[in-house]
Amino acid sequence: MTEESGDRTAELVEEVRRFASAVGAKAQEVGARLRENNPEVYGHLAAAGGELLAAYRAAVSGHERRWAGSGHAEAERIDLDEATDNK
């Protein structure tokens with residue numbers, strides 16, 4: 001990576017940080033207003049978000065169990081030292 005491309009990357013990273021900060025601040029503002037003006041709606045949205053997160057966790061943990069489980073994939077041992085010794 002050249003110095004110029006490194007500088008440009010640093011500028012882009014900083015721009016993304018500023019954008020994320022602005023979006024986060026706006027989301028907090030909207031959330032606070034919604035919670036204040038429509039607490040029932042806010043409660044339903046919060047519960048729905050929790051359910052989506054729980055569904056995601058269940059899906060990921062199911063995959064992790066299958067990936068880590070025995071018999072998931074057959075492994076073949078390749079001895080690289082032996083292959084180079086024969087030459």
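R17 and E14 both lie in helix α1 (residues 3–37), where three residues, about one turn of the helix, separate them; helices here are DSSP runs of H or I with at least four residues, strands are runs of E with at least two, and both are numbered from the N terminus. The model is predicted, so that local features need pLDDT of at least 70 and side-chain atom pairs count only at pLDDT 80 or more, while totals for chains, interfaces and linings use all residues. Residues are numbered from 1 along each chain as its sequence is written, and side-chain values use heavy atoms, with hydrogens and water left out.

**Overall architecture**

The secondary structure of the chain consists of three helices and zero strands, and the order of elements from the N terminus is α-α-α. Of the 87 residues in the chain, 2% are buried, where buried means under 20% relative accessible area, exposed means over 50%, and partly exposed covers the range in between, for a 1.4 Å probe and with protein chains only. The accessible surface of the chain amounts to about 8100 Å², and carbon and sulfur atoms account for 56% of that area; accessible areas come from the Shrake-Rupley method with a 1.4 Å probe, and for residues only the protein chains shown count as cover.

The table lists three of them.

| Pair | N to O distance |
|---|---|
| R17 and E14 | 3.8 Å |
| E14 and R18 | 3.8 Å |
| E15 and R18 | 2.4 Å |

E14 and R18 are four residues apart in helix α1, a separation of about one helical turn, and E15 and R18, three residues apart in helix α1, are likewise separated by about one helical turn. Salt bridges with shared partners join E14, E15, R17 and R18 into one network. As for solvent accessibility, R17 counts as exposed because its relative accessibility is 53%. E14, with a relative accessible area of 34%, is partly exposed; R18 counts as partly exposed at 46% relative accessibility, and E15 counts as partly exposed at 42%.

**The surroundings of Y42**

Y42 is placed in helix α2 (residues 39–68) and, at 29% relative accessibility, counts as partly exposed. When residues up to four places away in sequence are not counted, Y42 touches G31, L34 and R35, a contact meaning heavy atoms within 4.5 Å. Y42 and G31 are eleven residues apart in sequence, while their C-alpha atoms are 7.7 Å apart in space. R35 lies over the face of the Y42 ring, at 5.1 Å from the ring centre; a charge sits over a ring if NZ of Lys or CZ of Arg is within 6 Å of the ring centre and within 35 degrees of the ring normal.

Terms used. A salt bridge is a side-chain nitrogen of Lys or Arg within 4 Å of a carboxyl oxygen of Asp or Glu.
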